[in-house]
Amino acid sequence: MMRRAVVKGVGHYLPERVVPNAEFEKSLDTSDEWIKSRSGIERRHFAAEGETTSDLATKAAKAALAMAGIDGKDIDAIVLATSTADLTFPSAATMVQHAIGNTSGYAFDVQAVCAGFVYAMSNANALIVSGQADRVLVIGAETFSRIMDWTDRSTCVLFGDGAGALILEAEDGTGKTADRGVLSTDLNSDGRYRDLLYVDGGVSTQNTGMLRMEGKEIFRHAVEKLAQTADAALEKIGLGADDVDWVVPHQANIRIIQATAKKLGVGMDRVVVTVQDHGNTSAASIPLALSVGVANGQVKQGDLIVTEAIGGGLAWGAVVIRW
């Protein structure tokens, strides 16, 4: 027998304000067609004034708890992936903990930018497998609209705000790949590429900063590294692309998603795509897409899911889950 971290519920939340591509035409030299042709994005959501990352995370968490049929007080740990926490400290995770009425568990943030959710899932899985927790709430939540340079048409049209969450619970498995739950993880980072995607400010520089990105270089690294990490995660458990029911990738750019799927040998009919509706929501994009995939009837119990993401650092990784 082997202890597995099994998905029991999933949920998401998107701010009410929807921003179509056409809205950027008023202030930038761009167009709906230009944005769609280069990214696949048609619209995104922006948080309202005063609406914070922990607010979005809490609503997604409550949706996941409702699907799982459990109460916030029954959670042992909360792992929240974000690069846009409400405050320098305390963690946004502790704010969610309070909001869901949990007083006996523990909560912390994970920061790996767009790869944050796969890092959070890997940490949550380790907590369960090691016996340090029986139920873990894993969240990805971002308000990237707060760190955009609205004069930079190459970046500000790409990002949106949102949150997704899921509940992992310990169950006994056989140790074989037919088990439900997290089957393998693969994490990587390489700080040599820091300048390809970063925010030019921070606490020690006393400047909030704005997002900066070398788009062409990020594209090149993304396709190579996302395919590599997905293959590595599958290889660890003796599986390959033909065994995969769904790839649920980081939703950054449709061309990256398509190129990575091709490199993996997976048809686009087996890829969950939400980038057109949400834009790049960084650490929130994978749980958002999982929640939408479940709601749409795509992702079903027993399906083999591969999630993969890359973000600033560079940091990248993949998680294989039997749903």
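**Around helix H3**

Among the elements covering the buried residues of helix H3 are helix H2 (53–68), strand S4 (77–81), strand S5 (106–110) and strand S6 (135–143). Keep in mind that you're looking at a predicted model. The points below start with H3 and then move on to a sheet and its helices.

*Helix H3*

- H3 itself spans residues 92–99, and its buried residues are Ala 92, Ala 93, Val 96 and Gln 97.
- Looking down the axis of H3, you'd find those buried residues within an arc of 150°, so they line one face of the helix.
- In general, an α-helix has 3.6 residues a turn, so residues three or four places apart point the same way.
- After H3 comes Gly 101, which has a positive phi, near 80°.

*The open sheet*

- Elsewhere, 4 strands make up an open sheet with mixed pairing, in the order S8-S13-S12-S11.
- Strands S8 (181–189) and S11 (246–249) are at the edges with a single partner strand each, so one side of each has no neighbour in the sheet.
- From one strand to the next, the twist averages 15°.
- S11 and strand S12 (residues 304–311) run parallel, joined by 4 bridges.
- Opposite Trp 246 you'll find Ile 305 in S12.

*Helices on the sheet*

- Helix H4 (residues 116–129) packs on the sheet and touches S8, S12 and strand S13 (315–322); the direction of H4 makes about 125° with that of S8.
- Helix H5 (residues 215–235) lies across S8, S12 and S13, and runs at about 145° to S12.

How values were computed. Residues are numbered from 1 along each chain as its sequence is written. This is a predicted model: local features need pLDDT of at least 70, side-chain atom pairs count only at pLDDT 80 or more; totals for chains, interfaces and linings use all residues. Side-chain values use heavy atoms; hydrogens and water are left out. Two strands pair if DSSP finds at least two bridges between them. Helices (H or I, at least four residues) and strands (E, at least two) are DSSP runs, numbered from the N terminus. Axes are lines fitted to C-alpha atoms, for helices over the stretch in contact, and angles run from 0 to 180 degrees between N-to-C directions. Contact means heavy atoms within 4.5 Å. Buried means under 20% relative accessible area, exposed over 50%, partly exposed in between (1.4 Å probe, protein chains only). The arc is that of the directions from the helix axis to the C-beta atoms.
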